[in-house]
Amino acid sequence: QVQLVESGGGLVQPGGSLTLSCAASGSIFAVIAMGWYRQGPGQQRELVAQLNRGGGTDYADSVKGRFTISRGDAKDTVYLQMNSLKPEDTDVYYCNGKIYDSRSSWDDYWGQGTQVTVSS
């Protein structure tokens, strides 16, 4: 089993910053990619940012230039630095890991979600 544990959500004013962190643990054979998705009420979960094993990144157009995903010093840890936050960034943010839990099989794993609220 693989577990993803997130932290760092909260309430922030427009223009402010937050950092989310996610740590993967358990039966990890290899990590393909780790990233962040967000989902609002009645909405589909959408990709915010992803960091693949080779160091490549993908960002949603709406966050480019404001959010930065990076690998932590600890093994299988990823951060999302969110700057210049806007009210429309308000959502539940989910950490995602595309992880091999054995030599031959990988799956999508999800954290429990952390609420980010941008409001004055």
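## Ground rules

The model is predicted, so local features need pLDDT of at least 70 and side-chain atom pairs count only at pLDDT 80 or more, while totals for chains, interfaces and linings use all residues. Residues are numbered from 1 along each chain as its sequence is written, and side-chain values use heavy atoms, with hydrogens and water left out.

## The chain as a whole

Let's start with the big picture. The chain has 11 strands and zero helices, and its pattern along the sequence reads β-β-β-β-β-β-β-β-β-β-β. Here, strands (E, at least two residues) and helices (H or I, at least four) are DSSP runs, numbered from the N terminus.

For 120 residues, a compact globule would have a radius of gyration near 14 Å, and the chain agrees, with 14 Å. That radius is taken over C-alpha atoms, and the globule rule is 2.2 Å times the number of residues to the power 0.38. Along the principal axes, the C-alpha atoms fill a box of roughly 50 × 30 × 25 Å.

Of the 120 residues, 42% count as buried (under 20% relative accessible area; exposed is over 50%, and partly exposed is in between, with a 1.4 Å probe and protein chains only). The accessible surface comes to about 6,400 Å², and 45% of that belongs to carbon and sulfur atoms; the areas come from the Shrake-Rupley method with a 1.4 Å probe, and for residues only the protein chains shown count as cover. As for contacts (heavy atoms within 4.5 Å), take those between residues at least 6 apart in sequence: 53% of them join residues at least 24 apart.

## The largest pocket

Now for the largest pocket, which holds about 260 Å³ of space. Of its 17 lining residues, the closest to the centre are Val31, Met34, Arg53, Arg71 and Asp76. A pocket here is an open set of points on a 1 Å grid over the protein atoms alone, where a 1.4 Å probe fits, with protein on both sides within 12 Å along at least five of seven lines; lining residues have an atom within 4 Å of a point. Grid points are joined across faces, edges and corners, and the volume is the space filled by probe spheres set on the points.

Strand β4 (30–39) gives the lining its largest share, five residues. β5 (46–52) and β8 (77–82) also supply at least two residues each. By class, the lining has 10 nonpolar, three polar and four charged residues (Ala, Val, Leu, Ile, Met, Phe, Trp, Tyr, Cys and Pro are nonpolar, Asp, Glu, Lys and Arg charged, and the others, Gly among them, polar).

## Two buried strand residues

Cys22 sits in strand β3 (residues 18–26) and counts as buried because its relative accessibility is 1%.

## Two loop residues with positive phi

Most residues other than glycine have a negative phi. Asp76, in the loop between β7 (67–71) and β8, has a positive phi of about 60°, and at 18% relative accessibility it counts as buried.

Ser84 lies in the loop between β8 and β9. Its phi is also positive, near 50°, and Ser84 is partly exposed, with a relative accessible area of 40%.
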